[in-house]
Amino acid sequence: MAEANVMEKIVSLCKRRGFVYPASEIYGGINGFWDYGPLGSLLKNNIRDSWWRTMVEAPPIGPDGHPIEMVGVDTSIIQHPQTWVASGHASGFADPMVDDRETKQRYRPDHLSVIYAWDVEPESGDETQAKYLFAYVEGDDASYRKALKKAQKEAKKTGAKVIENPPRLRLTHPEFDGYWEFIYAPDAEHPGTLTEPRQFNLMLGSEVGAVDPVKVYLRPETAQGIFLNFKNIIDTTRVKIPFGVAQIGKSFRNEVTPRNFIFRSREFEQMEMEFFCHPDESRMWYDFWTAERMRWWQSIGVKKENLRLREHEKDELSHYSKMTVDIEYKYPFTAPDFGELEGIAHRGDYDLTQHQKHSGNRLDYFDQELQLKLKAEGKSDEEVKAKSRYIPNVIEPASGLTRAVLLLLCEAYAEDATRPSPVYLKFDPKMAPIKVGIFPLVNKEGMPEIAEKLYMDLRQKFMCEYDPKQSIGKRYARMDEIGTPYCMTIDGQTLTDQTVTIRERDTLKQERVSLDKISGYLSERLSR
């Protein structure tokens, strides 16, 4: 839990410097919703543009040595209600939840862990021998401290032994059946106030139509809009199996317990791609995209040691998934453990089959190249017909754009008491919201005019900020806090030899560069 203090500092920095604000803050905020400020919007757009560039505009080279075929779409947030019946979301998109009768709070039991207060520590490790169990929300340091304090108070009163790190059993585990009367809810003063778990649908509803309105849902994922347009894309483009369809857009989930800043929220943006392939090649593409996605996260500045892959167990697979692997990241609120960053799912032919069944429209694929190949091999007409028309399998890499913002903030956060600012952000220069800070050393002697001209020249190619105010140390400190990789100062020497001082954020190294060479200097370093 020591790392949670880092998370508090990151949240504070985000508010102070304009990365992320609580939504509707002047009215007290609304839980699970966030606004992205000037710097947060720039950071989010940089991540979005990198993903779109590497997925759609310049997709990776496939196993055959040729670029993968990929197109992009932007589909509606509200789709026909039957969409969610066919996809399984209307009946199956639910999480278990428990209510606290004392505080009227609601929790996901699979997000609650406990601190134990034993009468006597049992050698068997049987958790049911605990006198009381104090629940806390995993990853929430304040919740953990509260539960620990209550457990220690109980131990002092009764002589029980407090075990802070017992074998991890979330409250969905059958070990707790029959022992709910001994569990303290996170904010409750008395034990036994939690209800038994029950299912809670996560889709946010709305209505369409002024007269006799129809019940609709805000999409909980962007994927279904891609599946609904599969036939349109086949008919209107020149793509052939295997190919991908990518989309970035807003999704909405009525999360029971939004938490950990922007990690789990009710409105978020997703970066999803559905890759359609022949069933016989699906495992190859599953492995291919798993490797590609790991490479991309590292390309935007995430250290390899902070990432890992975790295959889903059979009992945690989604209803549509044949297999899923998560890319996980070591967040401050999960350290030393890891938390979910991106999922790569093998969806089989579930989605197209379901939409074909519910809509009555054929969503299979006629593979003309395969047909010609089978005929050349001398296959029978019956076998050629059976194998050349099929419903494709789908491999889906899906990640949260807003969660990626949190990831880069966590990855970039650094402390150094010897610097102008004791905290700074070490963004990969390509991802940094502001690339260059431009300062006149003093606001006189012609320095502002040179600085303004440099700013006007560079802003056509780079996101720059011109700042003539306060001491140079304070300006450096501000730029360090927002993660600007380069600062340029126009000083007295500039007036005589047309050079400026360029300061590099991470090393603090300073060098003189001619005004006419600055654009090339930045282009080289910001394209690495």
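Which residues does threonine 193 touch, not counting residues up to four places away in sequence? Point 2 takes this up.

1. **The model.** This is a predicted model: local features need pLDDT of at least 70, side-chain atom pairs count only at pLDDT 80 or more, and totals for chains, interfaces and linings use all residues. Residues are numbered from 1 along each chain as its sequence is written, and side-chain values use heavy atoms, with hydrogens and water left out.

2. **Threonine 193.** Its contacts (heavy atoms within 4.5 Å) are Asp99, Asp100, Arg101, Glu102, Ile183, Ala185 and Ala188, leaving aside residues up to four places away in sequence. Threonine 193 sits in the loop between strand 9 (183–184) and strand 10 (198–201). Helices (H or I, at least four residues) and strands (E, at least two) are DSSP runs, numbered from the N terminus. Threonine 193 counts as buried because its relative accessibility is 11%. Buried means under 20% relative accessible area, exposed over 50%, and partly exposed in between (1.4 Å probe, protein chains only).

3. **Glycine 360.** This residue also lies in a loop, between helix 9 (350–359) and strand 18 (365–366). Its relative accessible area is 63%, so glycine 360 is exposed.

4. **The whole chain.** The chain has 16 helices and 27 strands. Of its 528 residues, 51% are buried. The C-alpha trace spans about 85 × 80 × 55 Å along its principal axes. Take the contacts between residues at least 6 apart in sequence: 66% join residues at least 24 apart.

5. Strands of a sheet pair through backbone hydrogen bonds, either parallel or antiparallel. Here 7 strands form an open sheet with mixed pairing, in the order 3-13-14-20-17-16-15. Two strands pair if DSSP finds at least two bridges between them. Strand 3 (69–72) and strand 15 (307–311) stand at the edges; each has a single partner strand, so one side of each lacks a neighbour in the sheet. From one strand to the next, the twist averages 20°. Axes are lines fitted to C-alpha atoms, for helices over the stretch in contact, and angles run from 0 to 180 degrees between N-to-C directions.

6. **Pairs within the sheet.** Strand 3 and strand 13 (residues 243–252) run parallel, joined by 4 bridges. Glycine 72 has alanine 246 of strand 13 as its bridge partner. Strand 15 and strand 16 are antiparallel, with 5 bridges. There, leucine 307 is partnered by tyrosine 329 in strand 16. Strand 16 is also antiparallel to strand 17 (residues 339–348), over 7 bridges. Isoleucine 327 stands opposite glutamate 342 in strand 17. Of the 7 residues in strand 16 (residues 323–329), 6 are buried.

7. **Helix 2.** Helix 2 (residues 38–57) has 20 residues and reaches 26 Å from first C-alpha to last, close to the 28 Å expected at 1.5 Å a residue. The expected span is 1.5 Å times one less than the number of residues. Its buried residues include Leu39, Leu43, Ile47 and Trp51.

8. **Helix 2 against helix 8.** Two packed helices are described by the angle between their axes and the distance between the axes. The axes of helix 2 and helix 8 (residues 282–299) come within 12 Å and cross at roughly 140°. Ile47, Ser50, Trp51, Thr54 and Met55 of helix 2 meet Trp289, Arg293 and Trp296 of helix 8.
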